[in-house]
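I opened my notebook to get to know a new structure, one look-up at a time. Come along and check each entry as we go.

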Amino acid sequence: MKKLLRYTTAMLTLTVSLNVMAAADLEVNTPGVNAIKSSMQARHAQLSAYYASGAVGLTADGMIALRDASAVPMAARQSVNALVAAENQDRGALYAEIANANAHPEWQAEIRSTFGQRWIQRAQPGWWVQSNGGWMQK
Amino acid sequence: MRYLTRICREALILFGMLLICFAARGSELTLTIGDIASPAFRASGIRLALPTDGSAELNIAKLNVDQREFRRVRVRCARFTLSPSQLACRQGRLDAIPDARLEFSYGFATRQLQASLLAPGGESWQVSGQLAESAWQLAVQLRQAQVRRLSFLLPTKMPQISQGALTGVLRLSGDASGMQGAGVDLQLVQTGFSNADGLHAAEKLGGKVSFTAKRTGFVWNWQGNVVWQSGELFWQPLYLTGGHALSGSGSFDGRVINIKQALVQLPGAGQVQLTGLWNVPPASLQEGSLRGSGLDLAALFSTYAQPYLEKGSLSDAALYGHADVAAYYRRGELQSLRLNLHEAGISDASHRYALLGVNSDIDWRLDAASVAVIDFAGGALLGAPIGAGQWRVKMDGLKFEVPQASLQILDGSLNLQDFHLQRAPLPPPCDGCTPAWHWAFSASLLPVSMDKISQTAGWPVMLGTLAARIPKVSYDGHAIKVEGALLFNVFDGTVVATGLELNDAFGRAPRLSGNLAMRNLDLDLLTRTFSFGNMQGRLDADVKKLQLQDWQPLSFEARLYSSAGRYPKKISQKAVQNISSLGGSGAAAAIQRSFLGFFENFGYDSIGWSCIMRNGICQMGGIEGTDGHGSGMYEIVRGGGIPAITVMGYNRSVSWVELTQRLKRVTQGNAKPVVQ
């Protein structure tokens, strides 16, 4: 009986937290979010070729990773590395900013995870995305 | 080297054991052995067949060398000789390299070893040795030898060699007590390697390696020379190309590599002399020194330092000029640094800061105090030019202090007092509370012309001066805080900023918070500056709980109102129209329109406007106490004198973006307001 009660409580807590997350405004519009979005949009033009070639892939945790540097000419690997680092810095800042703008900094991990799924769903055919811990091509 | 010798000697032992365990079967002699194991390798399922035609075939079911495993290794000798005096294989083939011809011989009495592997394309590996236990020597002569054949010698975690050839010689010698000497003289051509993810890779490497080592007692004395002539290397995050060279000499006692002297040639940057003590286990630097003269800072920074600076304000900076450097490292810390800068400079790609023509004589020591003199010819800060200056920096370990310094900015100057910089732990919560650089200073800004500031910033030309007293500015590794009040003298009035705090100062979206109190601003100067339509009078404004993000308003509570006191109060027809038009097409003000056509200017008693901005919406109000006119109306301008005018506001809420766009249209003179 105690076990059942604990299980029910846990489920209720989970449901409540999911409901809370469901209320998060992911399209929130603040100067910070706008600045980060602009920066990411400007960088996307440089990154898209590397998504297409498979050099860069989308990770399950809402970031990107240099998954196959050998698909990039050696002289360009350093700049791709820097692009990936800058993009991940922006993505981290974006998730934090959205959580803060929703007045719930503690939502950051869930927001990151939600975005991770969304980025992967919206990835173009041929791009590489992380799935079940491994890489797969969409 | 010891490893190679051990393999050769153990291979001979293997053959010896095989000779012992043989059995005749039909027309051939078959020798079998179950397992041979040694620290260097392990072989199992060994079978040597000796048909009567004089040939031989050696099969090894499984061969393990280091962490690598080879299966079904087979060597066939068309002519095989085994006599009490000699073991020899002629016209041999190794299955793993089917197009290569293998030959070897060993004289049991003479202890002479000869072996060769010849492959198409002129590739040859020739081993010759005298393996007498009292004094042995081994020489390996290589010609166009494919480097990938040595992959089995490399740990599996290391990048795998894909191509390349070696030409040269490797010599080893020793006696019963072990190896006594080694020498390498090799030329590397078109060599490439890569690990699985391509983060450690090289292509078309070419160069020369020469190295000799001689043992005296327990100590090896060595000297070497590596010249990297061509090709490219990516060792995340560094990308380097040929042109580097390294030469050096030292000793090795089995625990510590002593680099007595080394010279590194860095293409485009200069050359650096190194010394050091490297602990082999646990792979750490015990002590080291570095010295270089006339180093080119641009090449040095962009090639070797910047790739490691993915974050922070230096990640998109460029350095110029030259430097002489002498540094000494010991016990995990930098102990001293002598840095002489010659016409050096730094500039940020985002044009946030620049410092040029820097000359310095810095002699820093971890355990002693000293003073550095830094001269600079000029620079820029947030687009504003900075004049020449000289800073004297007191240094005591990781504490730096500038008691007094001056920066010439435009036609004024920023005088700094008590600048302190030190490394200390971040206050919690923080990233592991690792130490970060903290700084603090107080300053005063002697008057700078507003017209120069506004020209520099690309604003409308403003009149007046900007002056400030800054009691204390501090940075704790996370936020820049201004303690006390910042005082600006603008538009013949004052602006006092309090509670200023800048978070994430070097991040993508810096966040500024604080309060502003403006007093007695001259409306004539203000409205002329912004082409708003002339107004005369004095204005006070309070902006409380101001939050800017990425320098855009996030939220605030603002209130503008006429200053107390007696002064002329006039408002032009154009200003009235502009104020009205700010209400938008659906929010026209109620204006005594009958007067408009006759008079250019009107009298007023007071002005008032408020905006509480939250979530992009501005909740507006007018002169305090003027609510209650019904329908949400409020007074923005209350008439007074003759002719008088009263401007009413209707709309209570407006999008901040929309409001600022309307304001921009008005001040740019493009507005065509409809006045009723």
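Entry one, a strand pair. I began with strand S3 of chain A, residues 128–131, and found that 4 bridges join this strand to S4(A), with the two running antiparallel. I picked out one bridge: A:Trp128 has A:Gln137 as its partner in S4(A). I noted that this is a predicted model.

Entry two, the sheet around the pair. I traced 4 strands of chain A in an open sheet, ordered S2-S1-S3-S4, with mixed pairing. Which strands stand at the edges? They are S2 (64–66) and S4 (134–137) of chain A; each has a single partner strand, so one side of each lacks a neighbour in the sheet. I also noted that neighbouring strands here are turned by 40° against each other on average, ignoring direction. Helix H3 of chain A, residues 74–101, packs on the sheet and touches S1 (56–58) and S2 of chain A. The direction of H3 makes about 160° with that of S2(A).

I found 22 residues of chain B in contact with 21 residues of chain A. On the chain B side, strands S13 (200–216), S14 (219–235) and S37 (552–562) each supply at least two residues. That side divides into 8 nonpolar, 7 polar and 7 charged residues.

I looked up B:Ala344 and found it in strand S21, residues 333–348. Is B:Ala344 buried or exposed? B:Ala344 counts as buried, because 22 C-beta neighbours lie inside 10 Å. Beyond its neighbours within four places in sequence, its contacts include B:Leu297, B:Tyr320 and B:Val358.

How values were computed. Residues numbered from 1 in each chain as written. Chains lettered and ligands numbered in written order. Predicted model: local features only at pLDDT ≥ 70, side-chain atom pairs only at ≥ 80, totals over all residues. Buried ≥ 20, exposed ≤ 12 C-beta atoms within 10 Å, placed from the backbone. Contact = placed C-beta atoms within 7 Å. Nonpolar A, V, L, I, M, F, W, Y, C, P; charged D, E, K, R; others polar. Pairing = 2+ DSSP bridges. Axes fitted to C-alpha atoms, helices over the stretch in contact; angles between N-to-C directions.
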